[in-house]
There are 4 protein chains.
Amino acid sequence: MTDTLAAFLDTLDADIRARADWGAVADYIPELARVDPAQFAISVALADGRVLSAGQSDTRFSIQSISKVFSLACVLARIGEGLWRRVGREPSGDRFDSILLLEQEQGRPRNPFINAGALVTTDELLAGRAPREALSEIIGFVRESAGDDDIHIDRAVAASEKATGYRNVALANYLKSYGNLVNAPDLVLGTYFHQCAIEMTTRQLALAGRGIAGLPGAPFLLSGVKRRRIAALMMTCGHYDGSGDFAFRTGLPGKSGVGGGILIAVPGRASVAIWSPGLNAWGNSKCGTEAAERLARFTGWSVFG
Amino acid sequence: MTDTLAAFLDTLDADIRARADWGAVADYIPELARVDPAQFAISVALADGRVLSAGQSDTRFSIQSISKVFSLACVLARIGEGLWRRVGREPSGDRFDSILLLEQEQGRPRNPFINAGALVTTDELLAGRAPREALSEIIGFVRESAGDDDIHIDRAVAASEKATGYRNVALANYLKSYGNLVNAPDLVLGTYFHQCAIEMTTRQLALAGRGIAGLPGAPFLLSGVKRRRIAALMMTCGHYDGSGDFAFRTGLPGKSGVGGGILIAVPGRASVAIWSPGLNAWGNSKCGTEAAERLARFTGWSVFG
Amino acid sequence: MTDTLAAFLDTLDADIRARADWGAVADYIPELARVDPAQFAISVALADGRVLSAGQSDTRFSIQSISKVFSLACVLARIGEGLWRRVGREPSGDRFDSILLLEQEQGRPRNPFINAGALVTTDELLAGRAPREALSEIIGFVRESAGDDDIHIDRAVAASEKATGYRNVALANYLKSYGNLVNAPDLVLGTYFHQCAIEMTTRQLALAGRGIAGLPGAPFLLSGVKRRRIAALMMTCGHYDGSGDFAFRTGLPGKSGVGGGILIAVPGRASVAIWSPGLNAWGNSKCGTEAAERLARFTGWSVFG
Amino acid sequence: MTDTLAAFLDTLDADIRARADWGAVADYIPELARVDPAQFAISVALADGRVLSAGQSDTRFSIQSISKVFSLACVLARIGEGLWRRVGREPSGDRFDSILLLEQEQGRPRNPFINAGALVTTDELLAGRAPREALSEIIGFVRESAGDDDIHIDRAVAASEKATGYRNVALANYLKSYGNLVNAPDLVLGTYFHQCAIEMTTRQLALAGRGIAGLPGAPFLLSGVKRRRIAALMMTCGHYDGSGDFAFRTGLPGKSGVGGGILIAVPGRASVAIWSPGLNAWGNSKCGTEAAERLARFTGWSVFG
C-alpha cells in the first residue's frame, strides 16, 4: 500500500502541474499576493510512522487559518470547554471574514474557524498574558506536535497583514463593542496576525496534524474526546461556506488557510497536508481541494466507511 | 459487546423516563401536536444482523424530515447527480423552514435537507409523473431497505399538514417563482406532505437505514460513493442549524424529523433509530439527541476514530 | 402658469418620445409583458379644478400597486388605526416582493406599500366579508374620488396574475403561517389580484388622487391627518427600495405601480398621474420617474419649499 | 400666532416635566451616560427672525449625529455631488450603527445619515487635509449658519467616544477594507468623533438650521436644490430605523442625535431644535419625538399640507 500510495502521489503531482489550472492567490495580504500560484506539495504521515511526500514538500508556506486548529487545541487543552460560552459550534454559511452574522447574533461568532471566532479563541488564550507568551504557547504546541523545532513565524507576513488587515480590525473592534473580547483589540489582533504567519512545509504540517488524526505515534497532547470534537468542527466548519462541499467530495475533516494550505485528518490512519497557493471562489486552495478529492478516491479514505 | 449494549440501551431508556424532561412536541401540525411527548424508543441494527431495542420500539411515529434521506437516495439512485444543478450542499445556518436564504440566493436551496431543498428533490423525483408513482417509489425504497412491507403513510397526518402547512406552501411557490420547480406547487406539496407522513417504528427505521450505514447485510441499493455522500450531507446539514452541535456531541451523521425521530448511520457498524417526540430549540428531538450523545460515548462510535 | 405648464407637458411628452429610452416592461405577469413599452402619458389635476394632460392620457393602464394607496385609504377611513398593530410604517430597504424581512420580523410587514403589507391591508379590509364586497368598497372609493364611474377591473390581468403570481402566493401563505392573515390566503390573494387589476387613464388617476393631495375641489373622503399620513408613507415607502432616490430627486410623495404608473401628491397644489410602462432597476416607471423629476424642477413643486 | 406659539411651548415644557417619562440616556459613550435624562428644551426660529424658546434652552448638549447634516452640507456646498458615487440615498431599515448592510452591499453605505455613510462623508471632507482643517470647516459652517461664534467642541466627549467607540472603529476599518475610505481609518474617526462632540444650545441649533429650512433671514449658504435634497434625506433617513414613524407622526424632516437632540426643518416657516437626553428604542430622543409630534399637531406644520 505504501508503495502504491507513493506512486499515486507522484502521479497526482505530475497531473496537477501538467494541467496548470492554478487559481489566483489571495490579494488582500500584500506579502501573500506575491507568492507564485504555480506550486504544489503534498505530504502524508501514516499510522506506521512513515511520511510520504510529492512536489515542493520542503517549501515553507504561510499556514494562516490552519493555525486556528492549533490555537483551538491549545485553548481546549489548557482552559477547557469555557470557550463555548463565547463561541458557537455551527457552520456559518458565510465567508470566512463575514461580519453580518455577528450583528444578527449580537457578537457571538458561529464557530472558532471563521475569523471572528478565531479572534475570540486567541483572546481566550491570551487571558491577560502578554502576546509573546500566548504565541509561545501556540508555536510550542505546533513544534511539539510536529516533533520539529525548526518552525517559525514569518514576521514580514505578520507585518503585512497588520498593515492592511482592515477587515480583521473591524471584526475585533466589533467583538469588543459587544464585550466579547477581554483584551484590547490591538493586542488580540497582533497575536492573531502572528499566529497566522507561522510558516511550515507540508511535511512539517502533516507531522503536526498527527495528534488530531489520532495516529499511534503522535506525541500525547489531546484526549480522544477533544480530538474528535476538533475533527467534527473541521468537517462542519473547516472550509467556511465551502465546508459542505469539501465534506461531500472527500468525506474527510479538513481545515484550509488562505495561504493555500489544507490540513486533513484521516482518523487513525493518516495526517495529510496539501499546499497550492491559488484559491477557488470560497478562498480555499483550488488544486489542494482537487488533490484532496483524488486522494480520498484513490485510498478509499472517508470517515463515512 | 452485544449483551453489554443491550443492557446499556435498557439503562438509557430507564434514565430518560426517570428524568422526564421531555421537551415540547411540534405544534404547527395539529396531528403531531396531539402526540404525548413522554415517549422514547431506540433500536440499533448491527453489522452482524441483530437488532437491539429498548423502549417503545414497536410504536409507529411520523418520520417527517427523515424521509428526505430516502427521497434523496431515490433521486441519486435513479436520476443521478443532476440534482446538484438545482440544490446546494452547504449547511444553511438557518431554521429548517427558512425562506430568507432562498431570496438571497435566488431560489437555489442550500441543501436537500432543509425544507426548500427537499421540495426540489421531490420535484426532481416527480419528473412529470403522478404523485402516486413518486410516492410508490419512495415507500418502495423504504420497504425494500427495511425488508418489511408493513410500512405505510398516515393519511391523517398528511391531510393535517396539507391543511395548515402554510410555510411549506410559501416555500414551494417561492421556488416556483424562481423557476426551480418543474411541477405545479400543489403537486409537489401533496407528494411532499405524504412522504413526510410515512410512519415507522424505530426497529423498522433502523433496518431501513442499514444501506446508508453500509452494513454488510443490507439490501444492495446504493453505491459506496452515494452512501458516503449522503452521510456527509447528514453530518453537515442533517440537524438544520443544530447540525454542528450534533456532530460535535456525537461525531456521527444523523438526520432528524419534527416528529421526534433521528436516524443515525455508524458506517460499517450500525444503523440507529431513536424516537422521542419532544423537541429542543432547533426542532430536533430533545431526549433523542441526548440518547444519541450517550450512545456515542458508551460505544465509542464516532466517525472521527 | 397654467398655459406655461400645458406647454411644458407637451414638450416633456415630445422629449421623452424623441429619446425613446423606454426601459423594459414587467415580465412576471404575462398580460403586462405584452404591453408596448413605448408609451407615455401625464395628467395634472390642479387646485383650480382644471386638468392638464399630454401624451396618451386616454389610454387605460393597470394601476397595480397604486391601488395600495386606495386600499390603505379605505382601511384608515372605515376601520381606523388598528392596522398598525399588524403592519409597520418603516421603509424596508428591500424589493417590493421581498420575503426576507418577513422572516426576520416574524410575519409583520415593514409597511403597507410593499406587497406583504398590502396583503395584510387587504385582509383587514375583507374582515370576514366576501371578496366581492371588499372589491366594491375599493372601486367605489376610487370612482367617488375620481368623480367618474367608468373605472373597472381588467379581469384578464387579474386572471393572469392569479395564474403566475407565485411570489405573492408565497407571501400570503407566509403571513398566514405567522397568524397575520385572518382570511384564507386564496381569498386575500383573489381580492388583491383584482384590486391591482383596476385600470384607469392618467386623467382618471390624477382626479382620483385629489383627495390625498388635499385639493380644494376634491370629494370629501379623508381627514387632514389621514391624508398627511398617507402622503408621509408614500414619501418614505412609495417606491420600494428606490423611495429615498425618488424623494431626493423630486421632493414629492409618490406611489408607483409595476404597470408603469406613478401617482404623485403635491399637497394643496396638484395631483399628478404619470404612466410609461417600461421600468427601471427598482421596478418603477423609468420615463415616469424622469418626467416626475423634470416636472418638479420646472414647477418648483417640492414639499421641502 | 407668535404669542400663541410661545404659550404652547411653555405648556409643552410643563407637560413633559410633569409626566417625567424621560427614557434612558445612551450608555455606550461614558461621558453621555452621565447626563441627567430629566432635561428638556425647545427653540423655534421663525421666518420673521424671532426665536421662541422654552425649557433649558441655554444648556449646551452634544449634537452628535445632528452634525451629519452640517458635514453633508459642507461636502455638497464645496465638493458637489461626487459623494453619491460612494454613498447611497436610501433608508437602510437598520440601526444607526449597523454593519450588516455594508457587507451585503460591498462597502457602500445606504445613506449619509447612518454612521457608515457619515464616516464616508467626513472622509470626503478631509480630502487629504489635516483633521484640524476639516473640523474648522464644519464648525465654521455651523457658526456662520447660527450667526454665533460661541460654539465649540467638547473635547472630553470626543475623547470618551474615541476610547470606547469600538463599533465606529469597526465601521471605518470595514469601509477601508472595501476601499471606500481614502484617508486612514484613525484620521477619519478622530475627525468624526470631534464633529459629533460639537455642543450647542437649542437656541443656537435652531438658528443654525435656518439655512436648511430655507428661512428668509438665513445666511446664504445653500442653493435651493441642495437644501431640498438635504431635507428629503432627513425625512427618509434622519431617524434611522424610526424614520418612517417620525415622518408619519410629524410630517416633517428631522435629524436626531444620540445626545438627545432633534433638528427639524419646516420649509419656509421655521427651524426647530428640541433636546431631551433620554432615548427611545430606536436611539432617538423620547420626549423630543413626542414634543415634535405635539408641535406639528398644534401648528399644523407638515410638509404634506
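A salt bridge is taken here as a side-chain nitrogen of Lys or Arg within 4 Å of a carboxyl oxygen of Asp or Glu. By this rule, two salt bridges cross the interface of chain A and chain B. In one of them, the side chains of A:R89 and B:D245 meet at 2.7 Å, N to O. The model is predicted: local features need pLDDT of at least 70 and side-chain atom pairs pLDDT 80 or more, while totals for chains, interfaces and linings use all residues. Residues are numbered from 1 along each chain as its sequence is written, chains are lettered from A in the order in which they are written, and side-chain values use heavy atoms, without hydrogens and water.

The contact (heavy atoms within 4.5 Å) takes 30 residues from chain A and 30 residues from chain B. Together the two chains bury about 2600 Å², 62% of it on carbon and sulfur atoms; buried area is the accessible area (1.4 Å probe) lost on being put together, summed over both parts. Of the area that chain A buries against chain B, A:E90, A:F248 and A:F304 supply 30%, more than any other three residues.

Helix 12 (224-237) and helix 13 (243-250) of chain A each supply at least two residues of the side that touches chain B, and helix 12 of chain A gives the largest share, eight residues.

In chain C, strand 1 (residues 41-46) and strand 2 (residues 51-55) run antiparallel, joined by five bridges; strands pair if DSSP finds at least two bridges between them. C:A45 stands opposite C:V51 of strand 2.

Key:
Helix = DSSP H or I, 4+ residues; strand = E, 2+ residues; numbered from the N terminus.
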